[in-house]
Amino acid sequence: MSILLTEEQELIGQSAREFAKEYLDPIAAELDHTGQFPAAIVKQLAAQDFLGLFVASEYGGAEAGYVSLVEVVENLSRSSAAVASILVNHSLAAYAIQRWGDAAQKQAFLPALAAGGTLGGFAVFEHGPTPGVGPNALIATKHAAGWALKGTKAYVRNAGAADVYVVLACTDPAAGAKAQAAFIVPAKAIGLSVGPLAETMGLKGCPVADLVFDDVVIADSALLGGPTDGQTITTETLALASVAEAAQTAGIGQAAVEHAAAYSKTRVQFGRPIATLQAIQTLLAETAADCHLARLGLRCAAKLMDDGEPFLVEAAMVKQFLARNGAKLLIDTVQVEGGFGYSEFMPLPRLFRDIAGTTLLDAPADYPEKTIAAALLA
Amino acid sequence: MSILTAAQKQIQADNVAFVAKEIIPFAAQYDKTGEFHPYLLDAARESKIFAMAIPKEYGGLDYDALTQAVVLEAWGYGCAGMATTLAASVLSMDSVMVAGTDAQKKAFYGPMVRGEIGSFGLTEPSAGSDAGNGKSTAVKVGDEYILNGSKCWITNGGYSSVFVIYALTDPAAGMKGISAFIVEKGTPGFTIGTVDHKLGIRSSNTVELLFKDVHIPAANLLGKEGEGMKIAMKTLDMARPAIASLSLGLSQRALDECVKHLQQQYPEKAQPGQTLQFKLADMKIEIEAARQLLYHAMNLRDAGLPYSAESAMTKTFSSDMAMKITTQAVQLMGTFGYTTGIAKLMRDAKIMQIYEGTNQIQRLVISRAVLAPARPAVAVQKGGI
């Protein structure tokens, strides 16, 4: 794989792998069990400079780009995809501020986001069919002091743990998707509260909850980009989410296939290790191949981002590939481990629950097809 | 639509109603705690549904195979975990149906007719797919057998009154040295070991059974010594379609939940786009195909015709389908699916590809039959081998 990575990217990936082995392997099962936000681990992520990987050096970031980000995400996910989820959702907020923020906004937020003093969250979804263009459950109206936000955002990751959120709101319900704006909202803003934590199938430890805005008043300076840039911000930021979640998927799948391969060498049935059976070898080979192809696709999209090239179509292709094949990485590796593999004392059930969260969410199910087809037909 | 008799349709409707009242409202709670649901046995007692496979002369409902499949589909729709409780209990009595004497049937079926449940004990840590590789032994001493060893992943084990246990009476003979026994709960030396916590079907009870010098009457031997593997294989032929039924119920539930969700999400006249519409159409096509394969297999069995290959095929097809459709359901519903009971369907579906013989073992059996020259198969007759 190294031909696809620079020496720096490879070193960053290795350091993430070593970090994950030392700090995440010992806590991953417990984190899955308790679902408690791992504040101490997040501090350590900051100490490793993982929270500001692609943030420009003038704001205290590592300025190592998006390939480095997905390398770190994949390597953390091989041990704990939940911890990687915290990093990914933090990164979405940092990305939006770096990409669309003005000088003052970048100066105000990026150094703390990169250093880890501030954790970010990205609040785009609503209890409706289509992110950003749904029922417009959060309305922003002009106010003497700037803007007033009223309503609810749904399924916000890092909810309650984040110090600052990038929030999508509708400035004109009649205009729908065109009137979306993004705002930078501190968690401490008066009137902002966090709903009860949702019970998720997996990725436990990365909190998910509604954000409830009860006339939250924010200054004009909280508007990110222009008043109608919300849809673009949503689309691009969710494309980064697709790429980063693909890296989570590849990491989970890699961990699973390695575990299942090792298991198959020790599990004896019919007088021989099941690893010698071609049926088992096929399950492992298909999983490894899908993992590899996902990794190529997601690195390609991340490289396009590093090069400042359009990446939405490539991100959608990775998302589509994994919507079809991502969950199968665990469906087939659990199959290798059979009845043992289905028991929660083994690690793969956690990975099975996690991978559903990294492959199946975060966009309408037909989003990738629409994006790819629109580009082809343009 | 399918061709069911008026009586079968009535039984189906009764079970759909039972599931709506006694299973669906409680499924999430028991999935969460991972506890067994003893209340269910009380709720089902009056209907005698746990005795659905037992012949009339023994006090059971005497449902034919197709009717049993329809019942299990309805239960699988409500909760695959609770449906597993029912399916596993039927599985245990299938062994007695295959090889039991009149006296053995009376002894085994009695508790079931009273609303109690049973367990089938074949699997051991060393004997999963390699089912004949168990280490448990039964040594004949006078008019008793003395049973030693253990069984694992035994469904209902902690709550069953009666068990069919497979053990070696002649270890030197390997698979041909396996025999089947009826063992009653509470027999001295017979204890329950660890309870297994699983990815899905969490409301079904899965335990280890431990046997230490357990004395069982020689009269509890099913069939003859050495016939255990033959009995087990015939039992599994009968039981595998139950997994197809559960998988079918799970898949239908997933589709229904998708439709319900999409209808809530889209304004009155709007529809999801063709990409999603066609996914729903594909789900529907597969579910109907699976249902017909299952019903066909059951018709063969009810007609006394060979159905072993169809039994393996319906189990494999339906369970792979259930895994695929439940995964797609989570995807269609996105984070809503991930944070609600939809995710349970996906976790539950995974075991369908594993238990009652993994789909790899089914494919082994099917591909052998495909590659082999045609040879006559033996029909399973009720009440004997």
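The points below are grouped by topic, from the whole chain to single residues.

The structure is a predicted model. Chain A contains 11 helices and 10 strands, and 32 of its residues are in contact with 30 residues of chain B. Domain assignments divide chain A into three parts, namely domain 1 (2-119), domain 2 (121-229) and domain 3 (231-377).

**Overall form of chain A**

- Chain A has 11 helices and 10 strands; its radius of gyration is 21 Å, close to the 21 Å that the globule rule gives for 378 residues, so chain A is as compact as a globular protein of that length.
- The C-alpha trace of chain A extends over about 80 × 45 × 40 Å along its principal axes.
- Of the 378 residues in chain A, 57% count as buried.

**Domains of chain A**

- Between the C-alpha centres of domain 1 of chain A and domain 3 of chain A there is a distance of 20 Å.
- The contact between these two domains draws on 24 residues of domain 1 of chain A and 23 residues of domain 3 of chain A.
- On the side of domain 1 of chain A that touches domain 3 of chain A, at least two residues are supplied by each of α2 (28-34), α4 (65-77) and α5 (81-100) of chain A.
- That side of domain 1 of chain A consists, by class, of 16 nonpolar, 5 polar and 3 charged residues.

**Domains of chain B**

- For chain B, the domain assignment gives domain 1 (6-117), domain 2 (119-226) and domain 3 (229-371).
- The centres of domain 2 of chain B and domain 3 of chain B, taken over C-alpha atoms, are separated by 30 Å.
- Their contact takes 14 residues from domain 2 of chain B and 11 residues from domain 3 of chain B.
- The side of domain 2 of chain B that touches domain 3 of chain B comprises 10 nonpolar and 4 polar residues, with no charged residues.

**Contact between the chains**

- In the contact between the two chains, chain B contributes 30 residues and chain A contributes 32.
- On the side of chain B that touches chain A, the elements giving two or more residues are α7 (274-302), α8 (308-338) and α9 (342-352) of chain B.
- Of these, α8(B) gives the most, with 8 residues.
- By class, this side of chain B holds 12 nonpolar, 14 polar and 4 charged residues.

**Nonpolar core**

- The largest nonpolar core has 253 residues, and those with the most contacts inside it are Ala96(A), Val166(A), Phe183(A), Val243(A) and Phe181(B).
- Helix α7 (residues 230-266) of chain A provides the largest share of this core, 16 residues.
- Leaving aside residues up to four places away in sequence, Ala96(A) touches Phe122(A), Val166(A), Ala182(A), Leu224(A), Ile233(A) and Thr237(A).

**A strand pair in chain A**

- In strand β1 (residues 120-123) of chain A, Gly120(A) and Phe122(A) point one way, whereas Gly121(A) and Ala123(A) point the other way, and all are buried.
- β1(A) pairs in the parallel sense with strand β4 (residues 164-170) of chain A over 4 bridges.
- The bridge partner of Ala123(A) in β4(A) is Val167(A).

Methods
Residues numbered from 1 in each chain as written. Chains lettered and ligands numbered in written order. Predicted model: local features only at pLDDT ≥ 70, side-chain atom pairs only at ≥ 80, totals over all residues. Contact = placed C-beta atoms within 7 Å. Nonpolar A, V, L, I, M, F, W, Y, C, P; charged D, E, K, R; others polar. Rg over C-alpha atoms; globule rule 2.2 N^0.38 Å. Buried ≥ 20, exposed ≤ 12 C-beta atoms within 10 Å, placed from the backbone. Domains from an automatic or database assignment. Core = buried A, V, L, I, M, F, W, Y, C linked by C-beta atoms within 7 Å. Pairing = 2+ DSSP bridges.
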